[in-house]
Amino acid sequence: MTSNLLNDPYRDWLRKTLSPEMGRQKADQLVLAAVTRRGWPAMQAFGPREVVAVLQDVYASLREDMGDARADRWIEAATQSLSEFMQTVPAPVTQEPARPVKAPTKWGRRAHDLPLLLARVHNETAQRSLDAIRVTPELSGLERAAEWDVQATHAELRRWEAEDKLSSMRAEHSQSETAEQVRSARAQERLLDLTVRELEAEIRASTHAASARAGGTAGTWNPQVGAPTQQGASLQTQLAHNRLMLSQTRAFLEVFAPLADEQGANVPATIPDTDLEAQRLSVNVQLHPNVLRARHLLNYAEWQTKDGPQGIDSQGPDGTHEQSGPHPRVVEARRMLAHAEAEAAQLLQATLDTARQHQEQWLALQARLEDTEKRVTRLNASGGDPLSLARVQFEAQQTRAAMRINANRLNEALGLLNALSGN
């Protein structure tokens, strides 16, 4: 097998990209620093992910030295260049110890385990095929297609591993959101209970006042009878509605309060410090398993039809060689590749837009929560009435619950972006 030092096209591309901006020596120092800081093997051949990591290091350095505008232009140009390079050069494939694939105790035991199991089998099979091709001279022309195959199956494996983690993340998020809902229900119960008491007091006062005006004696208040005035009728309607909501809230608490771990709601919801505007989708599109698979099929079709960049090499009637158009199988493979790239770009963009939306909503809710908590502090300090305090506390809890949901959805969207790009 070719040594990593001699087969490291992505590291070579990185050096060529960094050298014009900062010189060859500093570029090598930055690459070495990135390897050391992340604990990568010193002789490890670089792939797209390693290059992206170093580019981000350089981007952070350029922002300090040159400012955001110039650094943004540089990283965008570098990322686009990397995306184009990735379309022509597969990531170097190194021999790794075969990971044993354990068959499940019973097929179908857990349906969502099967895609991950199949991805591991496909990755192992592709690696073995590449090893066999490299020692078979007659198949040397198939090596590049086999390298794309290994890269595609590895990306698919990473994708299902990320999906597995994402599934666990969603389960944890569901638990924390349920705890927040129980907290909100408790705050709502206090508010509704105080509201019902206040409405009952207002209706009693209204009934007594009406009796006094009529010159009679106010008897015992009966909520079923209600007040004869329009204001009294409105109060009776509000009372009935708040009593209904209070009974529904208590029914919810009776069922869910024993199930929720409310300690999870004690930890404030947070979001990662991620600049979503700086995401470079062009690289993620080329890392998408479906795109890598389509690129493998294109290389395989070109090998099968012996179709090079100029088209099919055929012999004319006079014995001379003629170049004709691409083979139909190659044309179809190119069409499928373009379709896979467009589909991956659309899906990744939609997921990124969702992440941005949740990030914006979280930031808006954070500002609202700060304002609401200040109002709670002022009411406590000034001895505000219990109903007003309960109302503001309920608003604050609802805001915290909404922040939790948006933080969870943002983290899930970022996890999905990683899963889609095979990270």
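I am working from a predicted model, in which local features need pLDDT of at least 70, side-chain atom pairs count only at pLDDT 80 or more, and totals for chains, interfaces and linings use all residues. Residues are numbered from 1 along each chain as its sequence is written, and side-chain values use heavy atoms, with hydrogens and water left out.

**Entry 1: H1 and H4**

I looked up the axes of H1 (residues 9-22) and H4 (residues 68-86): they come within 12 Å and cross at roughly 150°. That makes H1 roughly antiparallel to H4 (under 35 degrees is roughly parallel, over 145 roughly antiparallel, 65 to 115 roughly perpendicular, the rest oblique). The axes are lines fitted to C-alpha atoms, for helices over the stretch in contact, and angles run from 0 to 180 degrees between N-to-C directions. The helices are DSSP runs (H or I, at least four residues), numbered from the N terminus.

I then listed the residues in contact (heavy atoms within 4.5 Å). On the H1 side they include Tyr10, Trp13 and Leu18, and on the H4 side they include Trp74, Leu82 and Phe85. By class, I have nine nonpolar, two polar and two charged residues in the contact of H1 with H4 (Ala, Val, Leu, Ile, Met, Phe, Trp, Tyr, Cys and Pro are nonpolar, Asp, Glu, Lys and Arg charged, the others, Gly among them, polar).

**Entry 2: H9 and H10**

The contact of H9 with H10 has 11 nonpolar, three polar and five charged residues.

**Entry 3: aspartate 149**

I found aspartate 149 in helix H6 (residues 143-213). Aspartate 149 is buried, with a relative accessible area of 16% (buried is under 20%, exposed over 50%, partly exposed in between; 1.4 Å probe, protein chains only). Leaving out residues up to four places away in sequence, I see aspartate 149 touch Ala126, Arg293 and His296.

**Entry 4: glutamate 370**

I placed glutamate 370 in helix H10, where glutamate 370 counts as partly exposed at 44% relative accessibility. Its C-alpha lies 8.8 Å from that of alanine 396, 26 residues apart in sequence.

Terms used: Helices (H or I, at least four residues) and strands (E, at least two) are DSSP runs, numbered from the N terminus.
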